[in-house]
Amino acid sequence: MSGKRGDEAVLPLLIHIPRAGQPGKHAWAAMFSAEVLFGLYWIITQSGRWRVVYRYPFKDRLSTRYEDKKLPGFDVFVCTADPILEPPLMVISTVLSVMVYNYPSEKISVYLSDDGGSELTFYALFEASKFSKYWIPFCKKYNVEPRSPEVYFSCQNTSVDESRFVQDWTSVKVNLTQNSAAAKGCIPEEIRDQHKGFSEWNSKVTKQDHQSIVQILIDGWNPEATDIEGNRLPTLVYLSREKRPGWPHNFKAGSMNSLIRVSAEISNAPIILNVDCDMYSNDGDAIRDALCFFLDEKQGQQISYSRIESHSVIDNTKDRSVQELEEASKILANCSYEKGTQWGKEMGLIYGCPVEDIVTGLAIQCRGWKPVYYNPSKYAFQGVAPTTLDISLIQFKRWSGGMFQVFFSKYCPFIYGHRKISLGAQMGYGIYLLWAPVSLPTLCYAVVPALSLLCDIPLFPQVSSLWFIPFAYVFAAKTAYTLVEDLVLDTIIMQLGLSQTAFAVTAKVVDDEAQKRYRKGLIDFGNSSIMLVIIATLALLNLFSLGWGIKKALFSAPETFEKLVVQLTICGIITLLNLPVYEGLFFRSDKGSIPSSVTFKSIVMASIACLVSAY
Ligand SMILES: O=c1ccn([C@@H]2O[C@H](COP(=O)(O)OP(=O)(O)O[C@H]3O[C@H](CO)[C@@H](O)[C@H](O)[C@H]3O)[C@@H](O)[C@H]2O)c(=O)[nH]1
Ligand SMILES: [Mn+2]
């Protein structure tokens, strides 16, 4: 191979092609491919900068234009899947938070889908239904925010001393403490007698194998269902769709589709709001904001994410028996209901992909509906992000792997979206769907310069070369950009998650010690995992190389140093970024530090890599 000096097409690496017989051809080829891939990805990411639209809803105009009676109904779906990973107290706090919007209560119906099929979750929801009679008037009267009781009470300082307020607050708190105390233990017999719903659970009911359970805990149409101040309550429904071994349940997408059908039977509101069980409502006005987009006279008709399929419309004014509704809904939540239908394909949320929200959003958009992106200054919802690195990695793996899978499916935005959505939108999807493969060039950058440094192979233009200037510019600009736009480890640790298509639910339980570490800014590395070993090995490899490189810089001729200075800088930066990892490996002894088995494995692997490349 010879250096094509006249060819100014590609990056400075090109002029550095090792000549035949020179070492480092493979390293060079790897780095060159990495550069090309980064370049292509960079082009795709530029779509995010085209024609940015900012939107502002005018809520006051909504109120002047629509009286309460004319406002549309809202069906709110809350999903939960596991009573251990997602504590029932958190789940019902989320449920309660979405029951109190600054909106007519009788227009809101809240559905909890429990894929865990857990009696404990049902019990918690039963308690929540009673508690809501206090909580809703309390929130509305004092305009309490956030409206998740768990969050509200954890950040409440009791400085307010208006007597009535304190009184109410105490009664609410007593109720809540009773709630949480009971939710931890098993369900007392006298409670079981209070609601017919408990009879659905017997010794045969397990998470994977049980009949459909539908319980309407509050019937919002019943004028007698009122809070302590006599105001109407929102409808509250517990749903646990049927699960049987051998029937794929399609994770969250399956649960959402059951919710769509069951809610169509019970309340059939034109607008659906979906939150995860950990995403409590943080702004009581959020649904009024959303309505401004849906009811906009010019564009509202094109805006999607309202109900997708049309179900037979029910006349809500008729005499409706709760029992009848429950029985009819159970059938809609049975495993066999979807057999031979378009559910999961053309209808409802799309199955077969761990990022059901992304594929379904794309499919809806390709049918001509317009999505609206609105990022309010006050967050409409707040959720629990994973608190330990290993759980984050599980989540990232599901997301990145799931999205990459979409890229190779029939839903690839460049094919499926061709002529249906703009090129900019296709590229916008590309940014996310190609997130996983970008880990490969990133990995290359974390490994190859370090290894080549150990073998004395220069990869980059010499500092005194003219080619160094564009290289330094691109490098500096990109580094600055990356530092600002995402943080440290994120991209380096991404892995291709192709083999796993299951939806791994992330844990939302945060213990006190973890909370303390979080406040101190310490990374919680979590349990031993292969991904953690990879991170630690890469960190150590770069540290070793940096040491070796510095030694060489000090003791060898200036030309050698000049040749290796860029690699040295890259290793230096990677080492700097990994300081928390070294801390976790060697200097911390708390529970959040890196397990010693990982330390051992990574030292062995990094040493082997060094030895192999040095000889
Ligand atoms: O079989 C299942 C598995 C999960 N869930 C629920 O799905 C939600 C999301 O699960 P979580 O483990 O918290 O995943 P996240 O990565 O935090 O979720 C994000 O990513 C998912 C996949 O893209 C989206 O579905 C979510 O809305 C989005 O918040 C939770 O409420 C779960 O209870 C179910 O209902 N049934
Ligand atoms: Mn989540």
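**Close-up views of the model**

View 1. At a relative accessibility of 18%, K252 counts as buried (under 20% relative accessible area is buried, over 50% exposed and anything in between partly exposed, with a 1.4 Å probe and protein chains only). Please keep in mind that this is a predicted model, in which local features need pLDDT of at least 70, side-chain atom pairs count only at pLDDT 80 or more, and totals for chains, interfaces and linings use all residues. Residues are numbered from 1 along each chain as its sequence is written, chains are lettered from A and ligands numbered from 1 in the order in which they are written, and side-chain values use heavy atoms, with hydrogens and water left out. K252 sits in helix 8; helices (H or I, at least four residues) and strands (E, at least two) are DSSP runs numbered from the N terminus. Beyond residues up to four places away in sequence, K252 touches C79, N274, D276, E356 and F503, where contact means heavy atoms within 4.5 Å.

View 2. UniProt lists K252 and D276 under "binding site" in an unreviewed entry. They span 25 residues in sequence, yet no two of their C-alpha atoms are more than 9.7 Å apart, so they gather at one spot. UniProt positions follow the numbering used here, feature names are shortened, and annotations may be inferred rather than shown by experiment. D276 belongs to strand 5 (residues 271-276) and is partly exposed, at 26% relative accessible area. The side chains of D276 and K252 are joined by a polar contact of 3.1 Å; such a contact is a pair of N or O atoms within 3.5 Å, and within protein one must be able to donate a hydrogen and the other to accept it, while residues adjacent in sequence count only if both atoms are side-chain atoms. Setting aside neighbours within four places in sequence, D276 also contacts V78, C79 and T94, among others.

**View 3. The shell around ligand 1.** Of the 23 residues around ligand 1, the nearest are D115, K252, D276, E356 and K508 (a residue is near if one of its heavy atoms lies within 4 Å). The shell divides into 10 nonpolar, 5 polar and 8 charged residues; Ala, Val, Leu, Ile, Met, Phe, Trp, Tyr, Cys and Pro count as nonpolar, Asp, Glu, Lys and Arg as charged, and the others, Gly among them, as polar.

**View 4. Oxygen atoms of ligand 1.** A polar side-chain atom of E356 lies 2.4 Å from an oxygen atom of ligand 1, and one of Q395 lies 2.9 Å from an oxygen atom of ligand 1. From T506, a backbone N or O atom lies 2.8 Å from an oxygen atom of the ligand. The protein covers 92% of the 690 Å² of accessible area that ligand 1 has on its own, as given by the Shrake-Rupley method with a 1.4 Å probe (for residues, only the protein chains shown count as cover). Strand 1 (74-80), helix 8 (251-266), helix 11 (356-366) and helix 12 (389-407) each give two or more residues to the shell.

**View 5. S593 in its loop.** S593 lies between helix 21 (579-587) and helix 22 (596-614). With a relative accessible area of 11%, S593 is buried. A polar atom of the S593 side chain lies 3.0 Å from the backbone oxygen of D590. Not counting residues up to four places away in sequence, S593 touches F525, G526, G584 and R588.
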